[in-house]
Amino acid sequence: MLTEDGKHLYVSWDEYHDLIEKLAIQVYKSDWEFDQILCLARGGTRPGDILSRVFDKPLAIMATSSYRDEAGTLQGRLDMAKYITMPRGELGGKVLLVDDLADSGVTLHAVVDRLRALPSIEELRTAVIWQKGISKFMPDYFAEALPTSLWIHQPFEIYDTMRPAKLLSKWK
């Protein structure tokens, strides 16, 4: 069960994986056939990897960053990588763009605008785990709609402040 206190949403690993599976089912039920998955690193990396495995589609990665200040809790300037990393070929055809959430919508809107300008992309759809009500971008697929702007604590965030010395002391 996802736990929240009105301002924060705490998600366990099991809940996180269940939501990604729910997202995969939603994409599958749409009967949309796509050629590639492009995930936005860092938040979209894990869901992108899982969807790539479930749908047996190649995974491309594009690094973006806007939440850097105050331990990753304050949105700043959006940075997008110049290049997209892929195992072979170029990004094209029907592409599923995956991220963890549509928060303000700024990142997804900017990336979608950039990708739609590429002549190699025939069709582009978007998928996220969480769609926040405040987002100015509506993804094609989402596992869970959040009417308010809760701060989502994803299970891997424990590593945001975990440094090698702390890991060493944990495993002594």
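Is Asp56 buried or exposed? Select this residue to begin the tour of the model, which is predicted. At a relative accessibility of 69%, Asp56 counts as exposed.

**Stop 1: residues with positive phi**

Keep Asp56 selected and display the backbone. Asp56 is placed in the loop between α2 and β4 (59–68), and its phi is near 55°, a positive value in a residue other than glycine. Next, select Asp31, in the loop between α1 and β3. Asp31 is not a glycine, yet it has a positive phi of about 65°. With a relative accessible area of 65%, Asp31 is exposed. These backbone values deserve a look because most residues other than glycine have a negative phi, and most peptide bonds are trans.

**Stop 2: the cis peptide bond and Arg42**

Move to the bond that runs from Ala41 to Arg42. This peptide bond is cis, with omega near 20°. Arg42 belongs to the loop between β3 and α2 and counts as exposed, at 66% relative accessibility.

Arg42 and Asp160 form a salt bridge, with an N to O distance of 4.0 Å. Arg42 lies in the loop between β3 (36–41) and α2 (45–55), and Asp160 in the loop between β9 (151–153) and α5, so the pair ties together parts that are 118 residues apart in sequence. Asp160 has a relative accessible area of 36% and is therefore partly exposed.

**Stop 3: further salt bridges**

How many salt bridges does a search of the whole structure find? The search finds four. One of them was shown at the previous stop, between Arg42 and Asp160.

For another, select Arg53 and Asp49. Their closest N and O atoms are 3.1 Å apart, and the two residues form a salt bridge. Arg53 and Asp49 are four residues apart in helix α2, so about one helical turn separates them. Colouring by accessibility shows Arg53 as exposed, at 62%, and Asp49 as partly exposed, at 28%.

Then select Asp103 and Lys132, whose side chains meet in a salt bridge at 3.3 Å, N to O. This pair links distant parts of the chain, 29 residues apart: Asp103 is in the loop between β6 and α4 (106–116), and Lys132 is in strand β7 (residues 121–132). Asp103 counts as buried, at 11% relative accessibility. Lys132 also counts as buried, at 2% relative accessibility.

Leaving aside neighbours within four places in sequence, Lys132 is in contact with Leu101, Ala102, Asp103, Leu146, Thr148, Ser149, Leu150, Trp151 and Ile152.

**Stop 4**

Select Asp99 in strand β6 (residues 93–102).

Beyond neighbours within four places in sequence, the contacts of Asp99 are Leu40, Gly43, Gly44, Pro47, Leu108, Ala127, Val128 and Ile129.

**Stop 4: Val27 in helix α1**

Val27 is found in helix α1 (residues 13–29) and is buried, with a relative accessible area of 0%. When neighbours within four places in sequence are left aside, Val27 is in contact with Trp32, Phe34, Phe55, Leu96 and Tyr141. To examine one of these partners, select the C-alpha atoms of Val27 and Leu96. They are separated by 9.5 Å, while the residues are 69 apart along the chain.

**Stop 5**

Trp171 counts as exposed, at 67% relative accessibility.

Terms used
Residues numbered from 1 in each chain as written. Predicted model: local features only at pLDDT ≥ 70, side-chain atom pairs only at ≥ 80, totals over all residues. Heavy atoms only, no water. Buried < 20%, exposed > 50% of the residue type's maximum accessible area, 1.4 Å probe, protein only. Helix = DSSP H or I, 4+ residues; strand = E, 2+ residues; numbered from the N terminus. Contact = heavy atoms within 4.5 Å.
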